[in-house]
Amino acid sequence: MSISSSHTVLVVDDNLVNLNQLTNILQGVDYTVIAASSAEGALELIRTRSPDIILLDVMMPDMDGFSLCRRLKQDERFSDIPVIFLTSLSRKADIVEGFNAGGHDYIVKPFNRQELLARVRNHIHLYDMLLENKRLIRLSEDASRSKSEFLASMSHEIRTPLNSIIGMAEVLAETPLSDEQRNYVGIFRSAGESLLEIINDILDLSKIEAGQTELESIDFHLPALLNSVVSILSVRAAEQNSRIATHIHPDVPHAISSDPTRLRQILINLVGNAVKFTENGSVEITVESSAMNTLLFSIKDNGIGIPKDKQKIIFESFTQADSLTTRKYGGTGLGLTICQKLVKIMGGRIWLESTPGKGSIFFFTSRFNPATSSPLPVPAEPVPPASCRILKPARILLVDDNEDNRNLLCLYLRNTPFTIDTASNGKEAVKAFCNTPYDLIFMDIEMPIMDGYEATKQLRKWERDQNHKATPIIALTAHAFIRFRKKCLDSGCTDYLTKPVRKNTLLQTISQHLNFQESDKKKDKEEYVDSMSLPATTRENAKITLDKKLKKLIPRFLKNKREDAIRMLETIKSNNFEELQKQAHTVKGTSWMYGFKELGDTCLELEQAARDSDLELAQQLASRISNYLNTVEIEYSSPDTKKSDKL
């Protein structure tokens with residue numbers, strides 16, 4: 001009976017009688033047989049003929065079969081080839097040693113012909129399956145790499161024009177506009193943000209599926225993280241006439257170690273969904289202990305709910321409850337898929353309970369480790385605007401092959417004390433840098449003639465050759481994958497910004513890398529003391545214009561902040577600067593979130609004064625905060641009203 005002529009069997013035995021007998025048996029069923037009478041001869045055949053299976057004697061003069069097998073298993077080229085020991089050694093200890101050496105099977109002589117052929121056939125079949133699985137895995141990995149490269153390329157191509165759309169909308173919004181024009185600008189700015197959100201969702205999912213998501217282990221304050229999620233989504237909840245509440249069970253530790261960025265991402269997705277589908281209702285976030293070092297989160301809403309037949313597929317990519325939901329509420333249907341995959345990576349699971357018309361509860365668990373430090377309750381906050389007061393003259397080189405991007409960044413930096421030079425490729429940038437001293441460089445990555453990687457390497461080499469101090473080089477690119485960030489930093493870049501870049505982010509980055517925040521503190525302090533030594537009645541009352549959608553939230557906000565101001569004044573009296581720093585930081589974050597820029601900036605200064613234990617300046621700043629909150633005049637604007645509502 002013919003079994004296979006496509007498989008090669010290597011027979012290794014120093015006894016020529018045994019060698020001939022095995023060869024005849026195997027050739028009789030159409031195996032291709034190659035034979036060796038020594039270990040060295042076997043190694044040569046393995047290297048040149050790549051057999052599909054090896055029948056190996058144990059007792060041989062130069063190297064025994066166990067040693068030969070161990071040697072093969074240490075070489076990744078041959079480690080998968082099945083080895084069947086065929087020997088007269090029948091002690092249990094010998095059999096165990098054979099398997100420990102890496103053998104797949106062990107047959108004691110004299111052998112049965114049918115049993116031998118059956119075992120050879122089965123091991124060859126398993127080996128074929130293993131090779132096929134490895135081939136499919138390679139194809140899958142190649143496909144995954146191709147998809148990742150395609151998405152990276154598409155991300156770059158989409159983000160580049162999107163950078164101009166969102167950026168120009170931001171610049172245009174700062175110019176004098178009629179209410180109608182401001183409404184139009186808001187529409188296409190919002191559309192750009194929505195498109196960017198979709199791109200980010202797709203990239204997030206792709207990075208997770210490609211195994212490029214790495215978890216961090218950072219000590220953080222859990223209640224502060226929940227408060228930051230509530231702050232981010234409070235405006236959206238107010239638009240829905242809903243409220244968000246949090247409840248942490250007493251047995252849950254406040255300081256834990258996990259990945260706060262990914263946990264916040266999961267919560268924002270789930271709570272954001274709950275808010276989106278809940279009008280005139282409530283959303284409640286609850287955290288309790290589930291098991292040792294495991295937390296159970298639940299997000300409960302009384303919104304539209306999810307039909308039972310849709311609950312099993314709700315976590316699949318691009319899936320929502322129905323097409324009407326998509327048309328009414330929008331979204332890509334990727335948020336829950338991302339949550340599910342992140343929860344799995346974090347060692348937990350996610351599920352839901354829902355009743356149509358009554359609401360839903362999403363549950364997920366997440367593992368954590370006890371914190372090794374005592375993290376401060378610092379809430380997450382948006383990037384603070386860079387105050388023009390701290391900006392000082394500097395010369396900046398902007399390198400980008402896209403003229404629209406160069407124009408946009410130049411518009412961002414108008415009315416600043418910066419001198420801006422531009423270059424359209426890396427070669428021009430290197431020439432300009434070698435002829436002119438620059439304080440900072442923004443370097444695009446994908447450019448013709450010479451890309452940003454090579455240009456950065458040449459700039460760093462020139463600095464080393466000239467014994468010059470390293471100039472901050474900020475990679476400015478539309479690529480959003482983490483490997484591009486690593487490649488930028490490895491080439492010598494100081495930092496990395498992903499397009500589209502906001503004006504505030506740009507100014508903040510410049511301030512950070514040129515250390516503007518740390519300069520001229522004495523002058524800043526004197527300016528504050530001089531301005532705040534005046535009675536509140538002699539200074540013009542502060543005025544601020546906010547979006548009308550915030551109107552319901554502001555009275556409560558002001559009440560809370562006035563109470564915070566009283567507490568800060570009391571804390572100053574006790575000289576507890578550590579507590580004052582925490583209080584100022586908290587008020588700063590929520591002030592910027594609600595649009596009170598001046599209040600947030602003052603709290604930033606108070607936070608620094610507390611850090612420096614500067615009692616005099618802290619008293620002045622706290623008094624200014626209190627006066628501001630008691631005298632601020634707020635107007636609410638909306639596109640459809642010519643007249644503003646005044647508080």
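In helix H8, the buried residues are Pro 260, Arg 262, Leu 263, Arg 264, Gln 265, Ile 266, Leu 267, Leu 270, Val 271, Gly 272, Ala 274 and Val 275. Buried denotes under 20% relative accessible area, exposed over 50% and partly exposed the range in between, with a 1.4 Å probe and protein chains only. The model is predicted, so local features need pLDDT of at least 70 and side-chain atom pairs count only at pLDDT 80 or more, while totals for chains, interfaces and linings use all residues. Residues are numbered from 1 along each chain as its sequence is written, and side-chain values use heavy atoms, with hydrogens and water left out. Helices (H or I, at least four residues) and strands (E, at least two) are DSSP runs numbered from the N terminus.

Because 12 of its 17 residues are buried, H8 is largely enclosed by the rest of the structure. At the N-terminal end, H8 is capped by Asp 259, which places a side-chain oxygen 3.2 Å from the backbone nitrogen of Thr 261.

Strand pairing requires at least two DSSP bridges between the two strands. Strand E9 (residues 282-291) runs parallel to strand E7 (residues 243-248), to which six bridges join it; in this pair, Ala 245 stands opposite Glu 284 in E9. E9 also runs antiparallel to strand E10 (residues 294-301), with eight bridges, and Ser 289 is placed opposite Leu 295 in E10. The hairpin of E9 and E10 has two residues between the strands, and within it Asn 293 takes a positive phi near 55°.

Four bridges link E6 to strand E8 (residues 255-258) in the antiparallel sense, with Ile 218 opposite Ser 258 in E8.

Two further positions were examined. Ser 360 belongs to strand E12 (residues 359-367) and counts as buried at 4% relative accessibility. Its side chain makes a polar contact with the side chain of Ser 354 at 2.7 Å; such a contact is a pair of N or O atoms within 3.5 Å, where within protein one must be able to donate a hydrogen and the other to accept it, and residues adjacent in sequence count only if both atoms are side-chain atoms. Leu 489 is part of helix H14 (residues 482-491) and is partly exposed at 34% relative accessibility. Its C-alpha atom is separated by 9.4 Å from that of Ile 474, 15 residues apart along the chain.

A cavity is a set of points, on a 1 Å grid over the protein atoms alone, where a 1.4 Å probe fits but cannot get out; lining residues have an atom within 4 Å of a point. Grid points are joined across faces, edges and corners, and the volume is the space filled by probe spheres set on the points. One cavity of 30 Å³ or more was found. The largest cavity has a volume of about 40 Å³ and is lined by Glu 598, Leu 599, Thr 602, Arg 624, Ile 625 and Tyr 628. Helix H19 (597-611) and helix H20 (615-631) are the elements that give two or more residues to this lining.

Definitions and conventions
On a 1 Å grid over the protein atoms alone, a cavity is a set of points where a 1.4 Å probe fits but cannot get out, and a pocket is an open set with protein on both sides within 12 Å along at least five of seven lines; lining residues have an atom within 4 Å of a point.
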